[in-house]
Each structure stands twice: as structure tokens, then as C-alpha cells.
Amino acid sequence: MVSLWTGLLLGIAKHWIAGEDSEDAFARVEQSNAHGVRGIINLLGEETTSREETAAALAKYLEILGTINTRRIRGCISVKPTQLGLSIDLSLFRYNLSKILDRAKSLGTFVWMDMEGSQFTAGTVDSYLEFHKKFDNIGLAIQAYLKRSEGDVGRILDNGGAIRLCKGAYNESPAIVYKRRNQIDNSFSKLMRVMFERGRGFAIATHDEKLIEQATRLSSVHHADFEFEMLMGIRDKKKLELVQRGYRVSEYVPFGKSWWAYSVRRIREHKSNIFLLARSLLSG
Ligand SMILES: Cc1cc2nc3c(=O)[nH]c(=O)nc-3n(C[C@H](O)[C@H](O)[C@H](O)COP(=O)(O)OP(=O)(O)OC[C@H]3O[C@@H](n4cnc5c(N)ncnc54)[C@H](O)[C@@H]3O)c2cc1C
């Protein structure tokens, strides 16, 4: 019974994840590359509590970097700090991340750091700024719903860092985040404008039509070096349209066995995904 449920849920999760093996992710990214879309490969897993699991994640990322290089895949990786040990021990996290950044730098590959729940924000931003002093191939996700993000964006831009701006996907307290859609969108617009004025190598990570079109207008004024980033399985036609209009577009492609938490975030942020669930249950 458990495996039937797991199978059904994995079927739904496959709207947003490439599969359970790294080969699934490589195949998806190669397919996207053929259409001019780059890939951002993410090994699923977060809030890891064992050192062994962080070592396994490190080994897998080193292997992924090697394959990106040998297969000439156009793309990079994105890592979650707590998958590399941030929730266990700061020095463990920094050790694992430095190994990944060393290898990525030697292969000419970029590494994004995802931003997780607010209990990890300060540690993640501070670590990013430290690593950025030594590595120029690292960027950080910043969440527009967080009230502190205006300060973080300023600090990162002052230090020449690269930001991936997203709305934010975690369930946080109104004391620290904007909750209303229009407040979040206004914050996104405001931060995006600052990034176009002062940033380089940044990413606009949203599927929101209004914000994407605002970004295209800003880009025609500022001519900044940036890309659009979207998640696998969401607005695939828009990705191709933006490529055809001459923009650089990357697709975030997660894979792995720990797909549950990621899939729940995708279902929660878009109510119609509940219908995917219902349809699978009825037809299953
Ligand atoms: C490349 C990338 C990296 C990200 N990294 C992080 C990160 O590190 N930390 C973090 O907290 N969040 C991250 N996110 C998630 C982000 O914070 C949002 O939760 C998510 O992108 C939905 O917000 P939106 O900007 O698309 O706007 P929304 O207002 O949520 O959606 C706009 C439109 O996009 C479509 N859409 C959006 N989500 C879905 C969905 N799940 N299913 C179907 N259609 C949908 C719908 O048409 C919707 O009307 C990332 C997102 C992207 C694209």
C-alpha cells in the first residue's frame, strides 16, 4: 500500500522533478539545451541531520560537475546549504561548499546557493559574502518576501555578488515576511530595479508574467548581464518564447529521492496543482 501511494505521488512529483537518478537530470537538461535553454541541476535534499549524508551530497555534486564538463552540458548546479551541513555545523557546511566551489571553478562552472527557511538566512548570507571574496563563480538566491532582503541585496551588490531574485517559497511569520501578494510583488519589483541598476550576472527567477515583462523593459534601459530562471515543469512555453526574443533562460532541474518537501512547496504555491493530485488518484 505504501509503495502504491509512493508511486502515485512520485508520478505527480515528476511534473517538477526530472526523476530519481542524476541521469534523468542530465537527459532533461540536454533536451532543454537543444532548445536554447540552459540547466541548473539540483540534487534534492534539505535539513540533513547526518554528516554521512552531507558527505554523500558532496560526492554526488562533484560527480555532477564532472559530467557537466565531459558531456559539455550547458548549465550549472544549485545547492541547498542545509544539505551540505548548515543545520549541523557551520564549519562542516563551509568545508563541503569549498570543495564544490574549488571543483566548479577548475571546470569553469557556476554554483548557485538556494535560500531556505528564515532560520538559515543570516548564516547563508554571511557565508555567501565570505565565499564570494575567494570565488567569483558563486551566486545566492534572495527572497523578495523577506523584509530583510532590501538590506541583503544592498550588501551583496556592494560586494559585487550575484543574486537570483525569487519571491520565496517557505511558510514564514508575518513579522518577518510580506504576506500579501501585492506586497511581495512590489518588493520583487523594487529589488529587481536595484539589481538592473547596479548588478551583473544576476537572475530573475519568476514565472510571473507581469514581473517578467517588467524585467524585459528594465533590460532595454540598463542592458545588464542577466538571465531569466524558471522551474522545470512550469511555463515551458514562456521559456522558449524568451529564448526566441534573445534572452538567456535557465531551467532549474531537481532530481533525487528526497522529492517530497520540494513537491509540497510546488503544490502549495499554485492551488490548481491539487487537481493534478486528484486526477492521478482517480485514474490510478
Ligand atoms: C529558478 C528558481 C529558483 C528558485 N529558488 C528558490 C530558493 O532558493 N528559495 C526559495 O525560497 N524559493 C525559490 N524559488 C521559488 C520561488 O520563491 C517561488 O516560490 C516560485 O517561483 C513561485 O513564485 P513565482 O515568482 O513564479 O510567482 P507566483 O505568483 O507564485 O506565480 C506566477 C505564475 O506562475 C505560474 N506558477 C507559479 N508556480 C507554479 C506552480 N507551482 N505550478 C504551476 N504554475 C505555477 C502560474 O501561472 C502563476 O500564476 C525559486 C524559483 C525559481 C524559478
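A salt bridge here is a side-chain nitrogen of Lys or Arg within 4 Å of a carboxyl oxygen of Asp or Glu. The model is predicted, so local features need pLDDT of at least 70 and side-chain atom pairs count only at pLDDT 80 or more, while totals for chains, interfaces and linings use all residues. Residues are numbered from 1 along each chain as its sequence is written, and side-chain values use heavy atoms, leaving out hydrogens and water.

Q: Why is the pair of Asp 114 and Arg 164 called a salt bridge?
A: Their side chains meet at 2.9 Å, N to O, and the limit is 4 Å, so the pair qualifies.

Q: What makes Asp 114 and Arg 164 a tie between parts of the chain?
A: Asp 114 sits in the loop between strand 3 (111-113) and helix 5 (121-134), and Arg 164 in strand 5 (residues 162-166), so the pair joins parts 50 residues apart in sequence. Helices (H or I, at least four residues) and strands (E, at least two) are DSSP runs, numbered from the N terminus.

Q: Why does Arg 148 count as partly exposed?
A: Arg 148 has 35% relative accessibility, so it falls in the partly exposed class. Its side chain forms a salt bridge with Asp 152 at 2.7 Å, N to O.

Q: How many salt bridges does this rule give?
A: The count is 29.

Definitions and conventions
Buried < 20%, exposed > 50% of the residue type's maximum accessible area, 1.4 Å probe, protein only.
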